[in-house]
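I want to go through the pocket, the ligand and the backbone in turn.

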Amino acid sequence: MIVALNKPVSTSYSWRVADVREQLKQLIKDVPDFPKEGIVFKDLTPVFLDPVATQAMTRVFADRFHALQVDAIAAIESRGFLIGAPVAAALGVPLALVRKPGKLPRRTIRRSYALEYGEDTLEMHTDAVASGQRVVIVDDLLATGGTANATVELIREAGAEVVEAAFMVELSFLNGRGRLAADVHALVQY
Ligand code: AMP
């Protein structure tokens with residue numbers, strides 16, 4: 001079956017980073033009081049409903065990581081997978097999955113980190129990244145930085161180098177960047 005693209009991808013679309021940032025900002029929706037009162041949730045689902053915006057974001061990240069000579073991408077469950085997988089495939093580098101506890105079937109390393117109430121844990125297979133590899137961490141959104149920081153520690157424990165942590169969105173007012181023990185890159189900041 002031949003599926004027609006509903007928008008021309010290569011002719012009319014700009015891949016300029018500034019244009020991509022602007023388009024993402026237009027697509028991302030604020031949802032007040034979700035999942036609980038007082039939180040303004042950034043809903044990224046409209047970005048993934050738009051194949052041209054998703055392609056543009058993928059290309060912008062892939063170009064950047066190519067310039068940074070990245071060997072592998074580590075993506076954080078679950079929305080990080082939506083960004084990390086196409087970028088790793090476009091770049092031609094391995095994708096390491098950083099998952100919630102109990103999901104990975106073989107031997108893992110794990111890190112727990114504090115949440116507002118309680119704690120959470122992330123795991124990665126011991127062979128997901130190789131010693132000495134230059135790894136970029138990818139997630140959808142940087143809030144307080146706890147999730148990304150646990151991932152930085154996992155990658156370093158595996159003996160790899162964290163080139164940077166990259167996000168579609170950064171909530172700057174929460175200062176996750178200040179708490180992260182790695183360089184931070186975000187396409188869209190609030
Ligand atoms: P943190 O560990 O505080 O940096 O939280 C990061 C994770 O929580 C990301 O993977 C996001 O998916 C999610 N998250 C936190 N705050 C928000 C928000 N306001 N809108 C959407 N997702 C959020």
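**Entry 1: what lines the pocket**

I am working from a predicted model. I started with the lining of the largest pocket and sorted its residues by class: 19 are nonpolar, 6 polar and 9 charged. For the volume of this pocket I noted about 1,200 Å³. Its lining is made of 34 residues, and I wrote down those closest to the centre: Arg-79, Leu-141, Ala-143, Thr-144 and Thr-147.

Which element gives the most to the lining? I found that E7 does, with 4 residues.

**Entry 2: where the ligand is**

I then looked for the ligand and found that it sits in the largest pocket. The elements that put two or more residues into the shell around the ligand are E2, E7 and H5.

I counted 13 residues around the ligand, and the ones that come nearest are Lys-42, Ala-143, Thr-144, Gly-145 and Thr-147. I sorted this shell by class too: 5 residues are nonpolar, 4 are polar and 4 are charged.

**Entry 3: polar atoms at the ligand**

Here I went through N and O atoms of the protein and their distances to the ligand. In the side chain of Thr-147, an N or O atom lies 2.5 Å from a ligand oxygen. For Asp-140, I noted 3.1 Å between a side-chain N or O atom and an oxygen atom of the ligand. Val-40 takes part through its backbone: one of its backbone N or O atoms is 3.0 Å from a ligand nitrogen.

How much of the ligand's accessible area does the protein cover? On its own the ligand has 490 Å², and the protein covers 81% of that.

Where is Pro-35? I found it in the loop between strand E1 (29–32) and E2. The bond from Phe-34 to Pro-35 is cis, and its omega is near 0 degrees.

Asp-33 is also worth a note, as it is not a glycine and yet has a positive phi of about 60 degrees. I placed Asp-33 in the loop between E1 and E2.

The other cis peptide bond on my page joins Glu-77 and Ser-78, with omega about -10 degrees. Ser-78 belongs to the loop between strand E3 (72–76) and helix H4 (79–91).

Terms used
Residues numbered from 1 in each chain as written. Predicted model: local features only at pLDDT ≥ 70, side-chain atom pairs only at ≥ 80, totals over all residues. Heavy atoms only, no water. 1 Å grid on protein atoms, 1.4 Å probe; cavity = no way out; pocket = protein on both sides within 12 Å on 5 of 7 lines; lining within 4 Å. Points joined across faces, edges and corners; volume = space filled by probe spheres on them. Nonpolar A, V, L, I, M, F, W, Y, C, P; charged D, E, K, R; others polar. Near = heavy atom within 4 Å. Polar contact = N/O pair within 3.5 Å; in protein donor to acceptor, adjacent residues only side chain to side chain. Areas by Shrake-Rupley, 256 points an atom, 1.4 Å probe, with all protein chains shown as cover. Sits in = over half its atoms within 2 Å of the grid points.
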